[in-house]
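The structure is shown first, and the description follows.

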Amino acid sequence: MPDILILYYSRGGSVAQLARQIARGVEEVPGMQARLRTVPPVAPVTETAAAPVPEDGAPYVTKADLAECAGLAIGSPTRFGNMAAPLKHFIDTLGAEWASGTLVGKPGAAFTSTATQHGGQESTLLTMLVPLLHHGMVVLGIPFTEAALSSTRTGGTPYGASHVAGAQDDPQPSDDEKSLARALGRRLADTARRLQE
């Protein structure tokens, strides 16, 4: 069964929650399954290596995950209108995959979380899509045919799924955010399935 790789970095849990909603949407498409993966944190000074397997949550991504996937969604919290360093660090190691065309022609999408409504969600999503374009991916967003996109008072954009965690850093997506994340997962899986036909 083809996998959609849902690759993310999550610090407070919000991005991980969105990833799970996207996975639910992927698995609503017959014949498709989600593969959740994360990246290790980075630090300016490393005294000990990160464990080869995280203590909890999704396993760390490998280059084989990229080769084996039929589509890719990348997620990160927003850091000053851009993706967080751990996800960017992993993307920066993909020169061989770029040169060999590992992701060419596969559908790709992005998702993010911010503390505030105007915390840079759209700029983060747009900058996350740029590396996908460089890899030759077919970039997807969320069309306005999804009713929640027009009614949401929290997260959700045409550029990808998003969540507003608020001042309390609540990782639980709103109903609209869940709906839009699942819609993005369905769209990604359905597009991957059509491209493989």
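Arg194 is exposed, with a relative accessible area of 55%. In this predicted model, the side chain of Arg194 meets that of Asp190 in a salt bridge, with an N to O distance of 2.8 Å. The two residues are four apart in helix H7, about one turn of the helix.

Asp190 also forms a salt bridge with Arg193, where the closest N and O atoms are 2.9 Å apart. Asp190 and Arg193 lie three residues apart in helix H7 (residues 175-196) and so are separated by about one helical turn. Arg193 counts as partly exposed, at 30% relative accessibility.

Because Asp3 belongs to strand S1 (residues 3-8) and Arg35 to strand S2 (residues 33-38), the pair ties together parts that are 32 residues apart in sequence.

Asp3 is buried, with a relative accessible area of 7%, and Arg35 is buried at 14%. A network of salt bridges links Asp3, Arg35, Arg37, Asp65 and Glu68.

## The second largest pocket

The second largest pocket has a volume of about 210 Å³. Its lining consists of 16 residues, of which Pro77, Arg79, Ser113, Ala115 and Asp169 lie nearest the centre. By class, the lining residues divide into four nonpolar, nine polar and three charged.

Helix H1 (14-26), strand S3 (69-79) and strand S5 (107-114) each supply at least two residues of this lining. The largest share, three residues, comes from S3.

Conventions
Residues are numbered from 1 along each chain as its sequence is written. This is a predicted model: local features need pLDDT of at least 70, side-chain atom pairs count only at pLDDT 80 or more; totals for chains, interfaces and linings use all residues. Side-chain values use heavy atoms; hydrogens and water are left out. On a 1 Å grid over the protein atoms alone, a cavity is a set of points where a 1.4 Å probe fits but cannot get out, and a pocket is an open set with protein on both sides within 12 Å along at least five of seven lines; lining residues have an atom within 4 Å of a point. Grid points are joined across faces, edges and corners, and a volume is the space filled by probe spheres set on the points. Ala, Val, Leu, Ile, Met, Phe, Trp, Tyr, Cys and Pro count as nonpolar, Asp, Glu, Lys and Arg as charged, and the others, Gly among them, as polar. Buried means under 20% relative accessible area, exposed over 50%, partly exposed in between (1.4 Å probe, protein chains only). A salt bridge is a side-chain nitrogen of Lys or Arg within 4 Å of a carboxyl oxygen of Asp or Glu.
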